[in-house]
Amino acid sequence: MKRTLLAILALALPAAVAGCGDDEPSSSSSAGGGDGQRLTVYSGRNERLVGDLFKQFTKATGVQVQVRYGDSAELAATIAEEGDASPADVFFSQDAGALGAVQQAGLLAPVPAAAAAKVPERFRTDRWIGTSGRARVVAYSTERLKASQLPSSILDFCDDRWEGKIGFPPPNASFQSFVSAMRIALGEERARDWLECMERQDPTLLENNIQTEEAIADGEIDVGFVNHYYLPELKAERPGFPVANHFLKAGDPGSLVNVAGVGLLASSERQDAARRFLDHLLSPAGQRYFSTRTFEYPLVAGIPRPRETRPLEDVHGPDIALSELGEKLPSTLELLQDVGLVK
Amino acid sequence: MRLVAAAATLVAAAAVLPLVYLLVRAGGASADAWDTLLDDRTALLVWRTALLVAVVTAGAVLLGVGLAWLVERTDVPGRRVLAVAAALPLVVPSYVTALALLAAFGPGGLVSAGDWVFGLPGAALALVLATYPYVYLLCAAGLRRMDPALEEAARTLGRTRAAVFRQVTLPVLRPSIAGGAVLVALYALSDFGVVSLMRYDALTRAVFTQYRSLFDRTPAALLGLVLVALTVVVLVLEARSRGRGRVRRSAAGADRPAQRVALGRWRWPAAVAGWGAVAVALLVPVGVLLGWSLRDAAEHPSFGDLAGWTGSSLLGSGLAAVVAMAAALPVAVLATRRPGRVSAVLERATYASNALPGIVIALSLVFFATRVAEPVYQTLALLVFAYVVRFLPQALAGAHGALVRVDPELERAARGLGASPARVLARVTAPLMAPGLLAGATLVFLSTMKELPVTLLLRPIGFDTLATEVWTATGVSAYGTAAYPALALIAISIPVVWTLQVRPRGDARTDLQE
């Protein structure tokens, strides 16, 4: 009974949507439309964070979305192995690096001009586009520290009083992007000096941002270098989580703003639906979703920023292009290995 | 036999696909990349990995053999329950064990005692607790099958109990121990979740860092080849230990229970040791999961969702078990009935991929499927194929052990009576092997239930399993939500272990008499 009902719904729904017909000039309600009504997204972003966003999109447009969830880097490697045979239409990545890798493989279509016009230039390239912003911050223990005790530059953590109290995740993509940005902004010498100093501080080396936040809460360390939005997620899960975010001064390499974003696959036969998805992410509804549900910065002007954050202008990181970070990654990993922070 | 050989070759060819992929990738490596492979850092990683594998294997063998002996050969209190409980940690995913150990003994944990859990001690402990059941299950089965006359004869000749254990029991058990130890060693080589959570820099962690940072599959492939080289070392060591101590059963012998050792004043200390180990391996994870589920009681997934994920898990794992069993059969038959260099190489080849991290196996199948088998890409068929490639050695361990027990004379007699080889296999060999095959298939089933990286990349879209849901929830630190699919995973695996451990005991009726 239920199945019959579902079958009827499945048959009726696309027809109904096609029947409504938005502003498409083509009058044919079958072939072209039917093909455009489905979309396959490879999402490096967690289902618990963006699952509702896909539902929102389907509700708004009638386009059915199939999502493959995974780790951003692993999905980028998968798309690279698939090549032109990739079933993906859109790659929704947690960071710019994975998007850059797929771009490097020559698999992404150009970003539509209308979308590009909405997002500041520093948050996109001609092949991928940022959809939400994530700032580097210093997370600290509210049980053992006050905000006033924290320096305003990441460089000042190279001080004896922080010895044994710092933690960060060197294998993590966003940490490595931050180090790349520091190398570009300050030059090789100073970046290496700082990393060597950090290594001498006897830091606790973690795997990812969440481990770092938990190490602060558990009393292993007092401060951690992470992205800003993990904390609100953790607090939603565990009220009273004894950690707070400290924003460093504008222009500091420790306050790099990176993005999560999308690339449209050149091999896709559903370019139209893919563009509609991108348009939705950049629409007020999509941007508000990031601000209120994932606590990330909207990148389109005019949308309120997430609570408990500083304005994006004030957390402006070093003046560098995100697209440069990708090229730096291999040498950054080498540097981290050299200094002894990555084994 | 020619048909069997052809089938075995086909299976072996499928199993070495990931290896071929690594060679293809490594073939494109620059001289520079090869250089970094030979530097001190790689040497250090190999040393740390070898150390972990050695400690874990030694620990798992001690614990596994010890528990098997206690349960099968002594009057330790509560041994019939212990027999099943000792096997159950096999159903707890190793990353859940590691998370639970952290929650229990880590900083800020329930019994916080410094940071000893990080690094080698914690990683080794979690892996020993997760893998000792491989040794335990194979050894317990070995002890049950063993002709009690051997030990009795030695006792009559005046040997002490310790001497009997060393000179008679251990040699007979050697193939079982070696088979279990290989599975343990390969698991420790390929595991990523535990070393990542416990912050121990092993080769797999480096492979993942390379994938994550460079998006370049070449350096990771080179490190993968180092893992394959370590596998070869493990297999050579195993082959040697297997070769030395083969005790064949001369006649079918009576299936009667062995005499139990009265532990005397050691009875209670032994019970505490045995039960203690099992409690840490089983009760700590289950306790921590229950705690999480109660803490965030509002977060629980709906019953319908849980049922759906369970269904997917059962379907994928069930198919993987059946196919792996079918694939292991010809390889095992060839290896035991036509022993020689070729069949040995074929059998060993199927182990080649087992030490590789799942992500490598997944990417290799992405590579091959999109090039030569696109219609099956991201279908259940390819997913099951991937599971079989990954876990074939576990099916083989069972099949091989069972085949050694089948007297070739029976097959020759059947042939003499005019049966075709296929008929002999179907009517004589296969039924006799059934218990061993079933044991192997069960191991595959349980491993597949917990499998993650291959499932994530190769499953049909929307095919959500219990393991992928645990991953999704822990990815945002939602342990309360993760607890439900994790507990469901353990709960539905229990009857499977129960069948594996209890039914064979029930068959030997006399065994149950006190």
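**Notes on the chain interface and helix packing**

1. Three salt bridges are found by the rule across the interface of chain A and chain B. The model is a predicted one, and these pairs should be read as such. One salt bridge joins the side chains of A:Glu220 and B:Arg199, with 2.9 Å from N to O.

2. How much area do chain A and chain B bury between them? The figure is about 4,200 Å², and 53% of it lies on carbon and sulfur atoms. Within the share that chain A buries against chain B, A:Arg68, A:Glu81 and A:Lys343 supply 19%, more than any other three residues. The contact draws 48 residues from chain A and 50 residues from chain B.

3. Over all chains, the salt bridge count by this rule is 22. Among them is a pair in chain A, where the side chains of A:Asp52 and A:Lys55 meet at 3.6 Å, N to O. Both A:Asp52 and A:Lys55 belong to helix α3 of chain A, residues 47-61. They sit three residues apart, about one turn of the helix.

4. In chain B, helix α7 (residues 120-145) and helix α9 (residues 161-190) have axes that come within 9 Å and cross at roughly 155 degrees. Because angles over 145 degrees count as roughly antiparallel, α7(B) is roughly antiparallel to α9(B). The crossing in which α7(B) passes α9(B) is right-handed.

5. Which residues make that contact? On the α7(B) side they include B:Leu127, B:Tyr134, B:Val135, B:Leu138 and B:Arg145. On the α9(B) side they include B:Leu173, B:Ile177, B:Gly179, B:Gly180 and B:Tyr187. Sorted by class, the contact of α7(B) with α9(B) has 13 nonpolar, six polar and one charged residues.

6. Helix α8 of chain B (residues 148-156) also meets α9(B): the axes come within 10 Å and cross at roughly 150 degrees. That angle makes α8(B) roughly antiparallel to α9(B). The crossing of these two helices is right-handed.

7. From α8(B), the contact is made by B:Leu150, B:Glu151, B:Ala154 and B:Arg155. From α9(B), the partners are B:Arg161, B:Val164, B:Val168, B:Thr169 and B:Val172. By class, the contact of α8(B) with α9(B) has five nonpolar, one polar and three charged residues. B:Thr169 is also listed in the contact of α9(B) with α7(B).

Conventions:
Residues are numbered from 1 along each chain as its sequence is written. Chains are lettered from A and ligands numbered from 1 in the order in which they are written. This is a predicted model: local features need pLDDT of at least 70, side-chain atom pairs count only at pLDDT 80 or more; totals for chains, interfaces and linings use all residues. Side-chain values use heavy atoms; hydrogens and water are left out. Axes are lines fitted to C-alpha atoms, for helices over the stretch in contact, and angles run from 0 to 180 degrees between N-to-C directions. Helices (H or I, at least four residues) and strands (E, at least two) are DSSP runs, numbered from the N terminus. Angles under 35 degrees count as roughly parallel, over 145 as roughly antiparallel, 65 to 115 as roughly perpendicular and the rest as oblique. A crossing is left-handed if the near helix is turned anticlockwise from the far one by less than a right angle, and right-handed if clockwise. Contact means heavy atoms within 4.5 Å. Ala, Val, Leu, Ile, Met, Phe, Trp, Tyr, Cys and Pro count as nonpolar, Asp, Glu, Lys and Arg as charged, and the others, Gly among them, as polar. Buried area is the accessible area (1.4 Å probe) that two parts lose on being put together, summed over both. A salt bridge is a side-chain nitrogen of Lys or Arg within 4 Å of a carboxyl oxygen of Asp or Glu.
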